[in-house]
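Please consult the sequence and the structure alongside the text.

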Amino acid sequence: MSEEARRGEEDDRGPGSVHQVFVVMENLLEKLKVLNYEEVLSKHNMKNLSRHYFVSSPFLVSNPGEQFYMFTIIAAWLINAAGRPFAEPQEYDEPNATVSNILAELRAIGAKVDFPPSKLKSGSGEHVCFVLDRLAEEALKRRGFTFRRPRYPTENTEEESVMEDDAELTLHKVEQEIIEEADDEEETVMDLEALKLRTAHSEPEPSSKPEDILESKVDAAEWNLEMERVLPQLKVTIRTDNKDWRIHLDQMHQHRDGIKSSLTDTKSYLDKLQDDVGKTLEKVSSREKYINNQLEHLIQEYRSAQAKLSEAKERYQQASGGVMERTRALAEVSEELEKVKQEMEEKGSSMSDGAPVVKVKQSLTKLKQEIVQMDVRIGVVQHTLLQAKLKEKSNMTREMHAASILEAAGAFG
């Protein structure tokens, strides 16, 4: 937003719109105190907020990183207090994602969001105060808390004035008595014991005149010593109450007078400074126009050179793209050539080397040995088989002879 648009918007809203954010921030701080926001700050080891912490003003010290992190932490805590689950943001999270999630929750509770999310990335300003204030209202609504107007007790001004007059008279009377006792140290005084006994009687005296003249039996020196001992305790001091609104009002008047007196001198200096700045700006603008006129042809040449440079860069990129493609094809061909060379070297070495013939001879020798061993094993097996056949044949012959003998015996029997 440009400076003229911003001034036009402020004029439409009124002259007090610039200071409205201070009021919103103070109300927000009171709501956060009601919600006990100190617990979330103590959890992150942070200090309590000041009255104008989230206000964006050139007269206030700002720390955008700390303010944005504080804004996200408090916003997440208020969303959870409003009854909506929301993950607590971390210090290194993406700011755009965090702001978008907060605005999504704000829209979900029915708040109207008619500003871009970038307004919240600075961590201060009227939009930040608006978001936190709206979330705080939702949290208070969930807790069932509402602000009410204060009820002031009725005051009786006449009784207070009479009490103040009596207090002044009593104070004046005490001071007069102290002064008289300090000046007339050598005079005799009435006995306090006799005075107490006299006032203790409730029945009236038959005669208002005393029969005997009252005389003091107290030593004047001892009385003076006792008076000097208790004199510091009899002094009455009136302390001013710093919380009294009258004292604050007097201070406001004093500050206003000081501001008025300082404003007259400051205004003259500022007017002079404004005139100097205006003249300097005019000189700078005129000098800028002169320089632009003098360097117009150089600027045109520079622009044409920039256009040629961009065309040359484009051609170079195209050419470099073809070179890269051919370089990659060359690398593939070179790799295949290396493989073919390696295979040819292996075949040539194997053809000129006699190692395969030696291996064949060794294999033949080993094969002959194995054939001899197999022949021996075959002979053993044949011999074993022959023995088994002969043994079986002899057994069959015996059985046949035994059978024939039995048949002959049966025939003769």
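Asn36 is placed in the loop between α2 (20–34) and α3 (38–43). Helices are DSSP runs (H or I, at least four residues), numbered from the N terminus. The phi of Asn36 is near 60 degrees, a positive value in a residue other than glycine. Most residues other than glycine have a negative phi.

Asn45 also has a positive phi, near 55 degrees. Its place is the loop between α3 and α4 (64–81). With a relative accessible area of 73%, Asn45 is exposed.

## Basis of the model

The model is predicted: local features need pLDDT of at least 70 and side-chain atom pairs count only at pLDDT 80 or more, while totals for chains, interfaces and linings use all residues. Residues are numbered from 1 along each chain as its sequence is written, and side-chain values use heavy atoms, with hydrogens and water left out.

## Aromatic pairs

The structure holds 3 aromatic pairs. Rings of Phe, Tyr and Trp (its six-membered ring) pair if their centres lie within 6.5 Å; planes under 30 degrees apart count as stacked, over 60 as edge-to-face and the rest as tilted. Among the pairs is that of Phe68 and Phe71, which is tilted because the planes stand at 45 degrees, with the ring centres 6.4 Å apart. Both residues lie in helix α4, 3 residues apart, about one turn of the helix. Phe68 is buried at a relative accessible area of 14%, and Phe71 is buried at 0%.

Phe115 and Phe130 form an edge-to-face aromatic pair, 6.3 Å centre to centre and with 85 degrees between the planes. Phe115 lies in the loop between α5 (95–108) and α6 (126–143), and Phe130 in helix α6, so the pair ties together parts 15 residues apart in sequence. Phe115 is buried, with a relative accessible area of 8%, whereas Phe130 is partly exposed at 34%.

## A nonpolar surface patch

Leu270, Leu273, Val277 and Leu281 form a nonpolar patch on the surface, with about 380 Å² of accessible area together. Such a patch joins nonpolar side chains (Val, Leu, Ile, Met, Phe, Trp, Tyr) within 5 Å, from residues with over 30% relative accessible area and no salt bridge. A salt bridge is a side-chain nitrogen of Lys or Arg within 4 Å of a carboxyl oxygen of Asp or Glu. Accessible areas come from the Shrake-Rupley method with a 1.4 Å probe.

Leu281 is found in helix α10 (residues 245–294). This leucine is exposed, with a relative accessible area of 55%.

Note on methods: Patch = residues over 30% accessible without salt bridge, like charges linked within 9 Å, V, L, I, M, F, W, Y side chains within 5 Å. Helix = DSSP H or I, 4+ residues; strand = E, 2+ residues; numbered from the N terminus. Buried < 20%, exposed > 50% of the residue type's maximum accessible area, 1.4 Å probe, protein only.
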